[in-house]
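Welcome, and please take a moment to look over the sequence and the fold.

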Amino acid sequence: MAKLLEAEGLVKAFGGMIAVNKVDFHINEGEILGLIGPNGAGKTTLFNLISGYLRPDAGLVNFGGKRISGLRPYHICHAGIARTFQASKNFPDMSVRENALIGAIFGKPGTSRERAEAETDEILAFVGLAEYADRAVTDIPLAGRKHLEVARALATKPIVLMLDELMAGLNPTEVGEAMELVKRIRASGVTVLMIEHVMKAIMNICDRVIALHHGSLIAEGAPQEIARDAQVIEVYLGGV
Ligand SMILES: Nc1ncnc2c1ncn2[C@@H]1O[C@H](COP(=O)(O)OP(=O)(O)O)[C@@H](O)[C@H]1O
Ligand SMILES: [Mg+2]
């Protein structure tokens, strides 16, 4: 499999605290890569470095053979990397459709309003929100708001989609639906990088998993290998 995205020696410190410490990893085209690690491990910071919300102190990120580290978030989005946020970034005063439309309008330059609206309705149907399109965001359940985050990211037509704890707070049925959604996204040709604590999802849908601890990469491998990794069990799974 071809490497689609590659990070080398990524470092990010906040004051004296090194949140991401010389991290090397890659994402293969077409895979679902899981990113695990305890709270505070540096997972979201790694997303922020890839998506351009933070500039790395050292290291670089190449995407499709071109360097993207140092570019602004909207340039990185236009290049084909979209992400969701751990804390919802939905716009509370807007409808479900308007929230998704923002991704379609701003995600790709030169998209007409008519085209963006048509694409938005398709994407809302794809994530299972068609019937909620005219509702206020504040009116729909958490699982729906999480799927809406995914819809807004998908509306930018990404090559890589990064999901930050999509399944946190969902009940088992909703986790199942979210897993199906991630599989459908990959089947549609989008490569996925997902931060997730729900181990059932990691084990069932990821092709490969990387684990962070105190900012450092401590393991990389197939889900079954990661679940057996002594260091991962010690720092993260806690014997689960
Ligand atoms: N913008 C920031 N300013 C200062 N410290 C931060 C910032 N973002 C994250 N951190 C710190 O960096 C560490 C890693 O955080 P984070 O990447 O959010 O971890 P995770 O997503 O794995 O839970 C934590 O100690 C966190 O408090
Ligand atoms: Mg986080």
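This is a predicted model: local features need pLDDT of at least 70, side-chain atom pairs count only at pLDDT 80 or more; totals for chains, interfaces and linings use all residues.

Residues are numbered from 1 along each chain as its sequence is written, chains are lettered from A and ligands numbered from 1 in the order in which they are written, and side-chain values use heavy atoms, leaving out hydrogens and water.

**The whole protein**

Let us begin with the overall build. The protein has nine helices and 10 strands; helices (H or I, at least four residues) and strands (E, at least two) are DSSP runs, numbered from the N terminus. Its C-alpha trace spans about 50 × 40 × 35 Å along the principal axes. For 240 residues, a compact globule would have a radius of gyration near 18 Å, and the 17 Å of the protein agrees with that. This radius is taken over C-alpha atoms, and the globule rule is 2.2 Å times the number of residues to the power 0.38.

Buried residues make up 50% of the 240; buried means under 20% relative accessible area, exposed over 50%, and partly exposed in between, using a 1.4 Å probe and protein chains only. Among contacts with a separation of 6 or more, 66% link residues 24 or more positions apart, where contact means heavy atoms within 4.5 Å.

**Strands and their partners**

How are strands E2, E1, E4 and E5 arranged? They form an open sheet in the order E2-E1-E4-E5, with antiparallel pairing. Strands E2 (17-28) and E5 (66-67) stand at the edges with a single partner strand each, so one side of each has no neighbour in the sheet. Two strands pair if DSSP finds at least two bridges between them.

Strand E3 (residues 32-36) has five of its five residues buried, so the rest of the structure largely encloses this strand. Ile-32, Gly-34 and Ile-36 point one way from E3, while Leu-33 and Leu-35 point the other way. In general, side chains in a regular strand alternate between the two faces of the sheet.

| Strands | Sense | Bridges | Facing pair |
|---|---|---|---|
| E3 and E8 (residues 191-195) | parallel | four bridges | Leu-35 and Ile-195 |

**An enclosed helix**

Helix H1 (residues 43-51) has eight of its nine residues buried, so the rest of the structure largely encloses this helix too. Among the buried ones are Lys-43, Leu-46, Phe-47 and Leu-49. After H1 comes Gly-52, whose phi is positive, near 90 degrees.

**A closer look at Leu-10**

Where does Leu-10 sit? Its place is in strand E1, and Leu-10 is buried, with a relative accessible area of 0%. Setting aside neighbours within four places in sequence, Leu-10 is in contact with residues including Val-20, Val-23, Leu-46, Leu-49 and Leu-60. Leu-60 is 50 residues from Leu-10 along the chain, yet their C-alpha atoms are separated by 6.2 Å. Two of the contacts named here, Leu-46 and Leu-49, are also among the buried residues of H1.
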